[in-house]
Amino acid sequence: MNLRPAITSVAALVGEVTAHFELSAGEVTALVTLPVIAFGFTAPLGPWLARRIGVAGALGWAMVALAAAIALRVLLPGQLLLGTAVVGIAIMAAGTLLPQYLKSLNAGGLWVGLSSMSFGVGAALGAGLAVPLHRATGESVPAALAIWAVPAIAAALAMGLVGARAGRERRELTAQRAGALPRLRLPAGGVHTLALVTLVFGLQALLYFAVTAWLPVFLADRGEPTAVRGWLLAWFSIAGFLPTLVTPIIARRPRVLRWFGPGLGLAVAIGLAWLFVADGGQYLFVVGLLGAVQSAAFGLAISLIVGLSANAATAGAVSAIGQGVGYILAGAGSLLVGVVHTASGEWAPSFLLMGAFAISLSVATALLVRRPPIDMVAGDSEANAEANAQADAGAAPGGRGEPAGRS
């Protein structure tokens with residue numbers, strides 16, 4: 001729940017933040033895209049920490065860093081952009097560890113769904129409470145943003161308790177320090193699976209962050225007041241609660257997944273087209289549609305990372321690569337959407353660009369859901385290597401094209 005409020009609270013108060021910190025247009029663009037850019041370049045940090053202090057410990061320290069960055073970026077003069085970059089690093093470290101943590105617990109579809117849904121809960125809280133907190137603190141922008149350090153501290157304490165009880169994890173860590181770290185390698189056919197995972201995760205993240213970053217600006221250009229923009233941004237996340245919860249369960253049904261997965265990209269494209277032509281009375285419905293399908297796409301991406309990984313070590317590697325490179329793609333794409341709008345002075349080119357990304361997401365998902373799981377731990381079975389080789393030739397084990405949801 002802490003992996004979105006530090007971003008959406010700024011987006012909801014972008015006008016007030018710009019005025020308070022006297023930001024230029026370029027600095028505003030950097031502010032809303034810095035976290036996503038930081039996501040991409042720091043993805044290996046989470047798995048690296050997990051190998052040294054355990055997954056629970058790494059999650060806890062990521063929350064400590066997040067709390068410090070949230071507070072210090074608005075309390076120390078001139079540190080807004082640097083602090084926002086650190087916010088992105090801390091969020092990325094925790095985000096890449098979640099699939100590995102879920103895989104280590106053998107979490108079922110419901111728990112994967114709850115984990116994915118909590119991202120939306122945090123995003124909705126950050127966007128929905130931004131304006132009320134701004135007013136409650138006497139219109140203090142630093143106070144309204146810094147208050148989100150409190151739940152991050154609570155999360156750090158919670159993970160500290162989990163880490164204290166994780167005796168088995170500590171024993172495994174001792175073995176790792178003695179030189180028993182599993183060696184990872186890419187099996188035959190794994191490069192294609194990783195490329196598709198990266199593309200699917202990157203495209204859905206690109207579309208999500210493009211909407212959360214630029215929706216308030218788009219609505220401001222359409223004459224909507226600050227309170228309405230903040231509420232609609234919160235509604236964008238709230239509408240995705242149930243779809244994000246249900247999608248990982250659906251992902252375990254291969255026949256449904258084959259049409260449901262690609263259909264999400266098409267639905268995003270339809271929603272974007274509707275948003276562009278909508279008027280004030282339709283924003284509630286179109287933003288709700290976009291929130292539902294884009295949150296479902298995120299839940300599906302996380303589910304596929306977990307489902308396409310044969311074990312926890314593989315899940316950590318797939319998560320780091322898929323999310324790391326994927327977020328670089330997302331940051332660049334979200335920045336490109338803003339640059340295109342600024343250069344053209346209109347929204348039509350940006351919406352056409354996002355529509356093209358949505359269609360590409362549909363195609364990439366259609367290919368990915370038919371891939372078999374991979375095992376990156378050295379010494380994986382010959383059967384697994386053969387299965388991946390068959391997938392490269394266009395057929396899954398048995399020639400049936402079994403999708404990843406089967407795992």
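Helices are DSSP runs of H or I with at least four residues, and strands are runs of E with at least two, both numbered from the N terminus.

## Basis of the model

This is a predicted model, in which local features need pLDDT of at least 70 and side-chain atom pairs count only at pLDDT 80 or more, whereas totals for chains, interfaces and linings use all residues. Residues are numbered from 1 along each chain as its sequence is written, and side-chain values use heavy atoms, with hydrogens and water left out.

## A nonpolar surface patch

Helices α14 (254-277) and α15 (283-307) each supply at least two residues of a nonpolar patch. This patch on the surface is formed by Trp231, Trp274, Val277, Leu284 and Phe285, which together have about 530 Å² of accessible area. Accessible areas come from the Shrake-Rupley method with a 1.4 Å probe, and for residues only the protein chains shown count as cover. Patches are made of residues with over 30% relative accessible area and no salt bridge, with nonpolar side chains (Val, Leu, Ile, Met, Phe, Trp, Tyr) joined within 5 Å and like charges within 9 Å; a salt bridge is a side-chain nitrogen of Lys or Arg within 4 Å of a carboxyl oxygen of Asp or Glu.

Phe285, one of the patch residues, is placed in helix α15 and counts as exposed because its relative accessibility is 53%, given that buried means under 20% relative accessible area, exposed over 50%, and partly exposed in between (1.4 Å probe, protein chains only).

## The second largest pocket

The second largest pocket has a volume of about 550 Å³. Of the 20 residues that line this pocket, Met1, Leu98, Ser115, Ser118 and Met159 are the closest to its centre. A pocket is an open set of points on a 1 Å grid over the protein atoms alone, where a 1.4 Å probe fits and protein lies on both sides within 12 Å along at least five of seven lines, and lining residues have an atom within 4 Å of a point. Grid points are joined across faces, edges and corners, and a volume is the space filled by probe spheres set on the points.

Helices α5 (55-75), α6 (80-104), α7 (109-136) and α9 (149-165) each supply at least two residues of the lining, with the largest share, five residues, coming from α7. By class, the lining has 17 nonpolar, three polar and no charged residues, where Ala, Val, Leu, Ile, Met, Phe, Trp, Tyr, Cys and Pro count as nonpolar, Asp, Glu, Lys and Arg as charged, and the others, Gly among them, as polar.

## Positions within helices

Gly322 is placed in helix α16 (residues 312-344) and counts as buried because its relative accessibility is 0%. Its C-alpha atom is separated by 8.6 Å from that of Val200, 122 residues apart along the chain.

His134, in helix α7, is also buried, with a relative accessible area of 9%, and its C-alpha atom is separated by 8.3 Å from that of Leu145, 11 residues apart along the chain. Ala227, found in helix α12 (residues 226-238), is partly exposed at 38% relative accessible area; the C-alpha atoms of Ala227 and Gly128, 99 residues apart along the chain, are separated by 9.0 Å.

## Loop residues with positive phi

Most residues other than glycine have a negative phi. Glu22, although not a glycine, has a positive phi of about 55 degrees; this residue lies in the loop between α2 (14-21) and α3 (25-41) and counts as exposed at 70% relative accessibility. Glu139, likewise not a glycine, has a positive phi of about 60 degrees, lies in the loop between α7 and α8 (141-146), and counts as exposed at 58% relative accessibility.
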